[in-house]
Amino acid sequence: MTSSERDGRQASLAGVTGAWTPDLKRWGKPRYRAIVEALAEDVRTGRLAAGTRLPTQRALAEALDLNFTTVSRGYVEARKRGLIEGRVGQGTFVLDPARPAQAAQAVSPGGPARTGPVDFTMNLPPEPDAPALQARMQASFAELSGNLGNLLRYQGFGGTDEDKEAALRWLKGRGIVAPRERLLICPGTHSALFGVLGQVARPGDTICAERITYPGIRALAAHLGLRLVDLPMDRHGVDPDAFAAACTKVAPKALYLNPLLQNPTTATLPRSRREAVIAMARRYAVTLIEDDAYARICPTPPPSFAELAPEITYYVAGLAKCLGAGLRLAFLIAPSARSALPLGGALRAATVMASPISTALATRWIMDGTAEAIVQFVREESSARQRIAASLLPAGTYTADPHGFHGWITLPEGWTRSAFASQGRSAGLGVVGSDPFCVAGTPPEAVRLCLGGPSTRQQITHGLEVLAHALEGSPALASSYI
């Protein structure tokens, strides 16, 4: 674009909208920083008054003949410095320079506004921001102080009778009914899986898993000296025929599955495939390990393996993905009371016990209905965020469940996962490439996107706009953001 064309575009933008069109030449810095400095100068001199609506990032990028990501990065830096704020459905506005901190905390739809980058890497549920629910959750902590002395002592492994009653009530909401003798309360899903793998296999044995799977199982298998064999999958999850072939070829001791809202692909294994997998597992004496992390998030899940084939299934239901990762608590159902005894002994030797404080808090939340209220919030907020993602990301690139809080982006031709992740980082956004999820073979050109955690809908929307623009454009343009 010639200088006259650029000047004409800036004049057109300003004439039609009265929009801010800075002169970046005088700042002698990378262009995204020049945007911030020009903005700060115009606010200081009064050229931009508090409450002024700024042009959209796309409009400013076009007017200044810049890459969209350059402008986006400039706006991110300006937010971090308290110069501007974004309002969902309204736009970006100049803050009062005398009160940037207070203004930045103003409540907006989807939660209080926060500054800083958006982290799409950590797979956490959206954090409850409803005042009544927050007060209810905080009150539970205060109530626990009445029994603080007991909670700071050693407890027997597997949970008290009261804790087990709460856990069984929680699992009943998933359709699982089991005797207490088969239930163990563990300090998180990782410890439960570690204990189960150690019981069903020995170093050198083979375990099967989905080709694209939860990275934790890869780490645990490597630590225990187990051979992890991948099974092909499609949008519905693992291929039962491939599992049958693996049973005859490699004789696996167990099959690990994350069959509901799978991390990272979001696939849910339908009942028909579950029954086919069960038939093969029974035929070849293969133990099933079901990681049902998202069981309570999905309102109408298919029946679990533990319900369909309890005698061959170790079932793990962690609370990290439905209540909060900080609880570090998981409910483990063994196939029988006999198998639960040595498993409990192994877990006791490795972990001593689940935290009595976390366990007591989870028990209280389950029994008084707070846990269900948190789950309902997570469902509703996740659905709202998924609608935003579906409306912004290019059709055909994004796969997600409407009730989950993560998604899988298949990158358009020309993009590599490393280049796309780097592009996101340049704009203050984090995504996870497919590499840590891939059991074998060449990782696909794809990334996982997480919509939960402390980020607000406002931040989510802004971050998705940046990623959407990158997906719609040429990767060759990504290198021109400074």
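1. How many of the 6 residues of strand β14 (residues 313-318) are buried? The strand is mostly covered, with 6 of its 6 residues buried, where buried means under 20% relative accessible area, exposed over 50% and partly exposed in between, with a 1.4 Å probe and protein chains only. Helices (H or I, at least four residues) and strands (E, at least two) are DSSP runs numbered from the N terminus.

2. This is a predicted model, in which local features need pLDDT of at least 70 and side-chain atom pairs count only at pLDDT 80 or more, while totals for chains, interfaces and linings use all residues. Residues are numbered from 1 along each chain as its sequence is written, and side-chain values use heavy atoms, with hydrogens and water left out.

3. In a regular strand the side chains alternate between the two faces of the sheet. Two strands pair if DSSP finds at least two bridges between them. Strand β13 (residues 287-291) is joined to β14 by 4 bridges and runs parallel to it, with I289 opposite Y314. Strand β15 (residues 330-333) is also joined to β14 by 4 bridges, but the two run antiparallel, and here Y315 stands opposite I333.

4. On the overall form, the protein holds 18 helices and 20 strands. Its radius of gyration is 26 Å, close to the 23 Å that the globule rule gives for 482 residues, so the protein is as compact as a globular protein of that length; the radius is taken over C-alpha atoms, and the rule is 2.2 Å times the number of residues to the power 0.38. Taken along the principal axes, the C-alpha atoms fill a box of roughly 80 × 55 × 35 Å. Buried residues make up 54% of the 482 residues. Of the contacts (heavy atoms within 4.5 Å) with a separation of 6 or more, 72% come from residues 24 or more positions apart.

5. An open sheet of 3 strands has the order β1-β3-β2, with antiparallel pairing. Its edges are β1 (53-54) and β2 (84-87), each with a single partner strand, so one side of each is left without a neighbour in the sheet. Between β2 and β3 (residues 91-94), which run antiparallel, there are 4 bridges, and I84 stands opposite V94. Helix α4 (residues 68-80) lies across β1, β2 and β3, running at about 110° to β2; the axes are lines fitted to C-alpha atoms, for helices over the stretch in contact, and angles run from 0 to 180 degrees between N-to-C directions.

6. A further open sheet, of 4 strands, has the order β16-β17-β20-β19 and antiparallel pairing. Within this sheet, 5 bridges join β17 to β20, and H406 stands opposite C450 in β20.

7. The structure holds 4 aromatic pairs, counted when rings of Phe, Tyr and Trp (its six-membered ring) have centres within 6.5 Å, with planes under 30 degrees apart stacked, over 60 edge-to-face and the rest tilted. The ring centres of W408 and F437 are 6.1 Å apart and their planes stand at 85°, so this pair is edge-to-face. W408 lies in strand β17 (residues 406-410) and F437 in the loop between β19 (432-433) and β20 (446-450), 29 residues apart. Both W408 and F437 are buried.
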